[in-house]
Each structure stands twice: as C-alpha cells, then as structure tokens.
Amino acid sequence: MKRGVPLLIVFVVGFVMLTTYFIKNPTLGQARTLLNNWGVIVTAFSVGLASVNILRIHSARIANRRSGWINSVALILTMFIFIVVGIYSRHNPDNKAAAQLFSNLFDYAYSPFSATMYAMIAFYVASASYRAFRMRSFEATLLLTAALLVMLGNAPIAEQIWDKFPVIGNWLLNVVNTTGQRGIAIGVAIGGFATSLRILLGFDRGHLGYGE
Amino acid sequence: MWLERLQNIDRRVIYTVLLIVLLGPMIKPIGIPLTINKTTYQMYNLIESLNPQSDIVMLAMDYSVAGAADVHPQAVAVAKHLANRGIKMVMVAFVPDGPMLAERVLNILGDRVTYGEDIVNLGYLSGGESAVKKFIDEPATTFPRDHRGNAISSLPIMSNIKTIHDFSLIVDFQTGSPGYQDFLRQLPAGGPLYAAGIVTVSVPNVMPYLDSGQFAALLPGLRGGAEYEVLIGEPGEGAARMDAQSLGHMVIVTFIIVGNVAYFFSKRQEKSGRR
Amino acid sequence: MNVSTNPWIWFMGIGMLSLYSFIYKENPIYRLFEHIYVGASVGYTFVTAYGNIIDQAWTPLTTEGKLNLLVPIILGLMLYTRYFKPIAWISRWPMSFLMGLGIGVSTYGLLESQLIAQSKAAMMPLFVKSSEGALLLGRSINNIIMILGVLGVLFYFFFSVEHKGPVRRMASLGRMVMMITFGVAFGNVVMGRISLLLGTISDIFGTWLGII
C-alpha cells in the first residue's frame, strides 16, 4: 500500500499515456484525455501546498515570537489580502471596485516586487564580470571572448564603432552556439528518456521520498 | 599597489557606475540607430503573410512578471501588428501571471480591437505540459469562461475555434516553463505554425529549434521587441530602452576588460617579484 | 520632474527601493518587503489555482454532474495528508499519479521533437553548392563546424569508451564548442538582466519619480 501502490500508479498511468501515442484506439484516447484532465486538476491542488507550508512556518514563528515575527505577520496578511480580494472578485465579476483592487495589488505590489528581485541580479552580474570573470585558462578565454563578442554584437553602439561586431556575434550565436546547444539537447533527450524509463519501471523511486 | 586596488574596487562603486550609465540615456536618449535582425524580419513577414479574413492567431502569454520587462514589449508590438492588420487573437496563459499581463496588452490596444470579437483573454490553466496538451486537444471547451468572467459561448470569436488546427499560428511569449519545449512536444504534425517571443537569457537554448525549422520565427528578448516596434512604425518602451541597454553592455564589457588587464599585470608583477 | 501622487505608486516605489537596499546591505526594511513579496506571490498563485479548481473541477461536477471529477478532487486532497504524519504516505499516491502522467505526456514528444528532430537537423551536407554548382565556402565551413561540433559534444558526454586517441580529440573539440556556447549564454544572461533592471529603473524613475 505504502510503496507498491504508488509504483503501480506511476507505471499504469505512464504506460497508458505512452501507449496512446503508438496505438490509435478510441477507448485508449478517451482514457488519455481523462487522465490528462485529471492531471490538470491535481496540479491545481498541489499549488495550495505552498500556501499551507508558508502558513505553517510563519504562524509558528508568530506564535513563538521568534525574531522577525513581525515580518511573518506582514507575509500572512499580504497573502490573505490577495486571497480574499482575488476570490471575492472572481465570484463577483460585476464588482468593478474589487476587480480594480485586485489589479492594483498585482500591478503595484506583486509585479514590481517580483521584477525587482530578479533585476537585482544585474548588479551581481556586473560585479562578477569585474571581479571573477578572468582569463585563467585557454577554455576560460574562449568563454570570455565569446561572451564579449556576443554582448558587443547586440549593442547598437558597438555596431557604430565596428560594423562587423553584429556579424561575429550572430555567427557565434547561430553556428557555434547552435552546435553546442544541439549536442546538449540530444544528450538531455537521451538522458531524459532513460530517467523516464527508470521511474516508470520502478528503478528510480526518489519521488516516493524516504522512510516507510 | 594600484593594480591591487583596481582589482579590489568596492562592489558598490561598480553598482553605482552601472546605475548611472543606465539612467543617463533613459533620462536623455541618445538615439543610437537600431539595425533590424533577420529573425525579427522573419516574425514580421510571417504575420504579414496572414489573411485577416481566415487566420486566427493564438497568443500564449507564458511570461512571468519577473521577466516582463524583457518580453512584454514584444507581446505589445506583435499584438499591435496583428490588431492593425485586423487579425483575430486568442490569448491563453499556462503561467499564473499571464492573464493579468494579457490585460495590460488589451489596455494598450484600446480601440484597435473589440473584445470578444477580435480578441479574447481566456485566462490561465494550471498543469504545465498537461495543460498545454489539454488546450491543444480541446481548445473550444477547455475554458468554460474567459478571464473577465464571460461565458465562452457569449464570445463570437470562440465560435471560430473548434480544434487547434483553426489557429494558423501560435506566438508563444515565454520566460520559462511551460514554454517552447512543451509546445513542440505536444503540437500535432501539420498543426499551426509555432513562433516564440523569448526572454534574452533563453535565446541561446532555442537556436537549434529555429535552425531545424521547428520554430517558424523567433523574437529575442528586449532587443527583438524594440526591433519589432521599429518595424511596425510604433516605437514604444522597447525602443526607448535600447540606448540604455546598449551602454549597459558596453559598461559590462569595460568591466571585464579592465578586470582582466588588472589581473594580467598583477600576475606579471607577481612573477617578476618572485624572480 | 513630475512625482506621482498615486498612493499605490508610492507603495510600489518605496517597496522597490527597499528591496534594492539589499545590494548595499541586508536590513530590516528589506526583510519586511521581502516577506510582503513572498506573501503576495503565494497569495496570487493560490487565487489562480483556486480559479482552476472551480472551473475545471467543481463547476462541472456540481452543475453538469461529471462524477469522474471526484477522482482528481480526492487525489488533490490526498496531497494534503503529508501534514498528518500517520497517514502522510497517502500523499504518495497523487504524487505518483502526477509523476506517471508527466512521463506519459512528455516522453514521446521528447524523443520526437528533441532527439529525432535535432538529430535530423544535424545531418546536413558537408559541402553546400549553389544552384549553378559553385561551392559555397562559408556555408560549407559552417556545416562542417556544426556536424563535427555536435559529434564532439556527444563524444564529450560519452563515457562508455575511454577518452584517448581520436575520441579524446573529438571530446576536446566538444569541450571547446561548449565553452563558446556557455560564453554566448553568459553574454545573453548579462543582456537579459540589464533588460530587467531597465524595467525597474523605468518604474522607479519614470512611473514614481517622473524623471524619465
């Protein structure tokens, strides 16, 4: 029940789905559609796990008054504001004020904060370029030169300095990079297929977690 | 001594230089001419080749707010081009942020389109690749209502959609997964053409698919969006940021060169010191 | 200078600056807005998932009587048993369902679109000729680079034979191709991060402070 059934589920679901690509049969086709539709719903449920996890961790922090507990209050409060306003406006599409409030929360809180968290990396990239990106070996020199030429090829101002920068940059991207990425893509496909088979046949059981 | 100091410059100095270099041309644009790349022409010509009477385009809004600065200008420019040509658009999202970003595109399009007739924002479907597959299998019935809460049956544009083959082209604006891999794996043979508007970071990864013809066209990051804006004659936020983008590249290139020159000479000094 | 008077935009601007303050030094204001961001992100994602559960499962089940949808609803709820230790093993069932489904849905397409299509694309003529029969030197050189390069990358990851002699030479060619590929990737990372940074600069100095 605890390990056998999950392994059987992986095998049966995976096998049925795969078979439908090779055998055109209406019953199998229906089974595939049904299983896939179920998958969409189960995935939606899985999203809630993150909320529950966050809620558990931060409510414990507040209850124990651990350091930074006030931040946890802000987190839970923000989460609930989004959830309450979002669900209310979903069930009341005619309420323009609720829709506008949700839109504002998205546009002026979630969206810019998310963008900032990712954009911040630009500063670290700049710092790393200066301090860590060194021609220590032949291969590092290849990497660095390619990076420089691609950046110059994509900067319109560099094109004004020498009109061959974009030609070189595009050649590196379209020929050498395509070659490398293609080799990696083929390798990943073979590796992905092998891993899929291992999971399907029960040799790889990492997804079941450890313990009994 | 000065080489050592140059190598160990405070990181905050680097941050400040980068910020000033980027901010300058944003406040006062320089107007560096922008050359249009072949891939952008490819996308433009592809959309020009569509027939407004019979063709419907699916816009997959698969980019997150985190990467929107890179991809959103592309989505706006392509949507404007399609709207100007009178081609119908169905917007679908397989990432949660998609429908809200689609609403931003709709706000910019304004009177160019009539919602429900020329364009629709169907909303978000969870499930990653399974969701992509579900929509490809049943595009007419996957969403019972659109993002704004209208019943699908009340939207005239959706009466034209029965199967995925009713779309002539899919333009997938994306920052990650689900994205091109999911679509390429699930699209049936002989199905609609697939083109991608992709975040700059992922451009190298997708080049083999453009080369093999699995992509009908590709718009690469902010630069792709800026070039597209210029091509349709409506420079927007993409084009406005290209000067700063350009100087940003130059400053990073300078950082790398200066850092390496300092490294090279300090190494030499070290060697001669040992002798 | 035309500073915004919209309180939402002020909230956005202060939040973004607070998050950016991290690049100077970690501080309490950064931590507060970091928590608000996480709360917003989890809350927003929860709302979208809720909408999917309602549209894809609950409404068809209750209004159209699609009883088969009880299965994914139960599977989805089973995911939450992981929070109750004695019955935590039950959550393996829906996880296994998702695993089997993922493998079943993607494997065929993986082989077709990534392995076969990319292998086919790598099989290109070594020497390209124009319609008049003249050798196109540039394209021929590119094709030779692409064919040898892909083989080189595959050899690099091929550990079933010892890397010596011609195999070693091919593998080192593959290594060089990959270094250039990674250089191109780094160049694109720099460009991408600067684009994102420009987006936030536009929000702070344009939308909020009205300088741009």
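**Rings, charges and partners**

Let's start with a charge and a ring: in this predicted model, the charged end of Arg32(A) sits over the ring of Tyr21(A), 5.2 Å from the ring's centre. Chain B has a case like this too, with the charged end of Arg148(B) over the ring of Tyr115(B), 4.0 Å from its centre.

Now for rings that meet other rings. You describe such a pair by how far apart the centres are and by the angle of the planes. Over all chains, the count comes to 33 aromatic pairs. One of them is Phe113(A) with Phe11(C), a tilted pair at 5.7 Å centre to centre with 55° between the planes. Phe113(A) belongs to helix H4 (residues 96-119) of chain A and Phe11(C) to helix H1 (residues 7-20) of chain C, so this pair joins two chains. Phe113(A) has 0% relative accessibility, so it counts as buried, while Phe11(C) is partly exposed at 30%.

Next comes Phe123(A) with Tyr20(C), an edge-to-face pair: 5.9 Å between centres and 90° between planes. Here Phe123(A) lies in helix H5 (residues 121-131) of chain A and Tyr20(C) in helix H1 of chain C, so that pair joins two chains as well. Phe123(A) is buried at 4% relative accessibility, and Tyr20(C) is buried at 10%.

In chain B, ring pairs tie Phe94(B), Phe135(B), Phe143(B), Phe167(B), Tyr180(B), Phe183(B), Tyr194(B), Tyr209(B) and Phe215(B) into a cluster.

Conventions. Residues are numbered from 1 along each chain as its sequence is written. Chains are lettered from A and ligands numbered from 1 in the order in which they are written. This is a predicted model: local features need pLDDT of at least 70, side-chain atom pairs count only at pLDDT 80 or more; totals for chains, interfaces and linings use all residues. Side-chain values use heavy atoms; hydrogens and water are left out. Rings of Phe, Tyr and Trp (its six-membered ring) pair if their centres lie within 6.5 Å; planes under 30 degrees apart count as stacked, over 60 as edge-to-face and the rest as tilted. Helices (H or I, at least four residues) and strands (E, at least two) are DSSP runs, numbered from the N terminus. Buried means under 20% relative accessible area, exposed over 50%, partly exposed in between (1.4 Å probe, protein chains only). A charge sits over a ring if NZ of Lys or CZ of Arg is within 6 Å of the ring centre and within 35 degrees of the ring normal.
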